[in-house]
Amino acid sequence: MYKLFIKIATRYLLKHKLYSFINIFGLAVGIASFIIIMLYVSYERSYDKFEGSENVYRVYMDYLEGGKFVPGDANAYIVSGPTLKEKFPEIQEFTRLRRAAGIVLLHENEVFDHITGSLADPEYFEVFDRRLERGDINTALTEPYSMVLSVSLAQKIFGEENAIGKTLKIGGDDKSSFTITGLIDNSQFKTHIKNDLLISFSTFYTWELFSNDWERTWSQNEYFTYIKVDKNADAEVLNEKVMAFVPEGLKNERHHLEPIEDIHLYSNKPYEAEVNGSGNSIRLLAIIAFITLLLSWMNYMNLSSSKSLERAREIGIRKVSGAQKPQLITQFLLESAMLNFMAIVLAIVTIYLVLPGFNKFVGQELGFDIKQFKSLLPYFGILMLGSFLAALYPALVLSKFSPAKGLKGNLRTSKSGTNIRKALIVGQFIATIALLSGTFIANKQIRFLKDRPIGANLDQVVALNGQVLNRSSDSLVSRDFVTLINEIKKSPFVENAVAAQTYPGDGFSDMNSSIGITFPDGQTDDKRIWYHYSAQPEYFDLMGMEFVAGQAFHPTPPRWSHNIVINQKMAHFAGITDMEGAIGKTLRFGNQDWTIAGVVDDYNHFGLKSPVEPMIITHFNNRSNILVKLDKSTKTMAGMTRALDGLNDRWHKIFPQSTYNYTFLDQKFEAQYDEDRKVSNAFQIFTILAIIIASLGLFGLTSYTVVQRKKEIGVRKVNGATIMQILSLLNRDFIKWVMFAFIIAVPVSWYAMDEWLKGFAYRTTLSWWIFALAGFTALAVAIVTVSWQSLKAALANPVDSLRDE
């Protein structure tokens with residue numbers, strides 16, 4: 001019997017090629033879109049997932065502001081981990097990571113840079129459930145000056161040689177040698193804090209590089225601290241106890257715990273180890289995935305229902321011949337199963353073909369192998385269940401047809417069936433309009449961020465930095481950096497050059513944060529966090545910052561003075577309302593009095609996702625970065641190439657043994673919004689696919705409507721109706737449904753995108769024209785799709801439709 005069913009189903013699908021193609025194509029597009037999006041969602045949600053990760057938490061600090069505690073930065077103090085473990089028995093282990101970015105490794109005569117590592121306690125392996133490829137996990141990080149390398153870094157340095165037992169030096173310290181005691185494979189470990197190498201934390205207490213920090217306990221929070229909690233402990237209760245506990249020496253702060261599994265998507269604190277993802281964006285993409293899949297199922301149901309009238313006689317004959325309702329349902333479900341199987345095969349082929357392009361478009365590296373397939377198994381269950389339910393409705397509708405009416409050819413579907421199909425079309429256009437609105441708003445927000453002035457001019461500014469390897473005297477290095485800046489200024493392609501600790505868009509990496517400051521009126525604030533960094537006097541002119549009062553540091557000794565420049569936000573924080581009157585007044589912090597030389601207009605140092613922060617710029621010849629303003633001649637590719645080559649030559653002329661890096665400030669600033677661009681790009685792709693699927697659904701319902709009203713159209717034409725009147729007749733209902741969908745979609749999309757925009761400190765407006773444009777686009781798609789079918793009906797010979805009357 002099943003062979004017969006398969007034969008009948010195959011014949012039907014081959015006979016109705018257009019119907020089969022549209023169904024298979026629509027389902028394949030929906031399934032492929034769903035799987036690709038869920039691959040991305042699963043990838044983002046898989047960070048820091050390992051055996052026991054549900055019991056691992058990061059310790060961070062809350063700060064007291066305005067009488068209440070608010071989340072501070074991502075770090076804790078060097079004694080936070082030991083203190084909490086001693087106080088709370090629920091904590092089994094802790095580990096601290098002291099971050100060190102931009103490490104330079106020296107092996108014989110070779111230099112390896114762009115390396116990120118951390119000082120780590122031996123319990124690192126226990127807390128993070130890591131294993132060593134080589135080396136003893138129990139001793140790898142116990143002895144001072146021990147080092148664990150990633151497998152990839154070890155291969156880069158030593159090739160196929162066994163790295164265990166070999167030694168390396170670190171740039172900037174030619175006295176200390178580090179022994180490699182282990183190799184760890186990081187290739188499959190997705191984490192919010194990536195490390196190319198780990199150095200034993202015991203090194204900290206004898207390494208001269210950190211000699212200024214040896215005595216600091218509760219005065220410097222630069223340590224990522226993680227704890228592993230007993231699996232039977234109540235984490236929420238423990239967190240309440242941790243927040244209530246105030247160690248001696250800690251003032252106006254408290255410890256707070258957050259699950260390690262939530263950090264990548266839901267933590268966006270100052271001094272994060274890496275740029276994190278966005279939980280709201282991932283949630284939106286997951287919703288888009290299910291919407292796209294639902295659209296394809298709705299499409300299938302509409303197309304199958306629209307073909308039901310054409311099968312009326314077939315069903316009537318089969319029922320008269322003795323076919324039972326279960327047999328008919330089985331027959332139609334088998335047809336659906338064949339369609340879905342072909343759609344799934346086509347979808348999988350499509351995924352392999354388009355995934356490289358999708359990765360390039362959204363800036364991701366997704367794969368579709370056995371491991372990813374297993375991670376998607378729950379979603380495949382949803383996929384199978386939904387496909388079955390989508391196929392069941394048409395099968396039940398077809399099996400209920402009356403054989404007598406079917407054989408007479410006067411079959412009409414019920415009003416409820418027609419309403420269901422209308423509801424499906426309305427649902428498709430609700431989703432389409434919402435996705436269109438989301439796409440337009442996401443693009444508008446990205447353009448808004450790109451075009452909004454930040455209070456500084458980053459165009460044609462390059463940051464130079466590197467590690468000097470052949471100088472042991474700090475004074476000699478400083479002198480040579482002054483010489484280098486003077487040499488750079490002589491370049492015909494350079495307008496100006498200056499040394500600075502950091503710059504807008506550099507984030508928190510080279511920024512100092514402090515609590516505790518005395519204002520000019522004698523009042524002291526030891527609750528609010530504020531930021532400061534150092535620069536030379538020409539920094540403000542080079543960066544295009546505007547002074548609202550005063551000027552750059554004065555007087556201007558060659559290296560440093562006790563003059564400072566503050567931004568307006570800092571002035572308001574200090575209770576200063578008269579900017580001109582602020583000049584010459586004193587702020588006290590760091591056990592030092594500082595004289596205000598100027599007040600600069602507010603600028604966005606940390607990007608437009610964060611509000612402007614109180615900022616102090618001190619006068620010091622800091623050599624972390626050399627900022628170079630290039631002239632107009634470098635706007636051409638040839639001019640830029642010559643300028644960069646010249647900077648490289650001048651750097652290595654002064655520092656022949658060194659690393660060298662350059663960064664364009666405008667590119668680095670815009671890179672902060674890469675995650676948002678990915679979401680915007682994904683919106684665009686899947687909105688287009690949603691429009692295609694919705695159009696196919698309209699095509700199906702239009703076909704159904706034309707068949708239903710075939711004789712009516714014939715009668716109208718015989719009585720003199722024009723083609724435009726017929727088109728108007730058939731388009732009127734569809735336009736009404738799109739308008740109804742628009743009314744529902746606008747508040748839904750407004751709410752969803754308003755929530756997404758809350759992740760930005762500076763956000764575009766939800767303009768009315770965005771929703772109007774989305775509605776108009778959906779309406780245009782509907783009119784084009786419906787008119788194609790309607791025109792065929794209007795041009796048809798009425799004799800063909802009336803001959804049976």
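Predicted model: local features only at pLDDT ≥ 70, side-chain atom pairs only at ≥ 80, totals over all residues.
## Helix pairing and selected loop residues

Helices α22 and α23 are roughly antiparallel to each other, because an angle counts as roughly antiparallel when it is over 145 degrees, and the axes of α22 (residues 710-718) and α23 (residues 723-757) cross at roughly 150° while coming within 10 Å. The crossing in which α22 passes α23 is right-handed. On the α22 side the contact is made by Glu-712, Ile-713, Arg-716 and Lys-717, and on the α23 side by Ile-726, Leu-729 and Leu-730.

The secondary structure of the protein chain comes to 25 helices and 22 strands, and buried residues make up 53% of its 805 residues. Of the contacts in the protein chain with a separation of 6 or more, 79% are accounted for by residues 24 or more positions apart. The chain exposes about 36500 Å², of which carbon and sulfur atoms supply 56%.

| Residue | Loop between |
|---|---|
| Asp-48 | α2 (17-45) and β1 (56-65) |
| Tyr-145 | β5 (134-135) and β6 (146-150) |
| Asp-369 | α10 (325-362) and α11 (370-375) |

Is Asp-48 buried or exposed? Asp-48 counts as buried because its relative accessibility is 0%, and the cut-off for buried is under 20%. Asp-369, by contrast, counts as partly exposed because its relative accessibility is 42%, a class that lies between the cut-off of under 20% for buried and that of over 50% for exposed. Asp-369 can also be placed relative to Tyr-352: the two are 17 residues apart in sequence, and their C-alpha atoms are 9.9 Å apart in space.

Note on methods
Residues numbered from 1 in each chain as written. Heavy atoms only, no water. Helix = DSSP H or I, 4+ residues; strand = E, 2+ residues; numbered from the N terminus. Buried < 20%, exposed > 50% of the residue type's maximum accessible area, 1.4 Å probe, protein only. Contact = heavy atoms within 4.5 Å. Areas by Shrake-Rupley, 256 points an atom, 1.4 Å probe, with all protein chains shown as cover. Axes fitted to C-alpha atoms, helices over the stretch in contact; angles between N-to-C directions. Parallel < 35°, antiparallel > 145°, perpendicular 65-115°, else oblique. Left-handed = near helix turned anticlockwise from the far one by under 90°.
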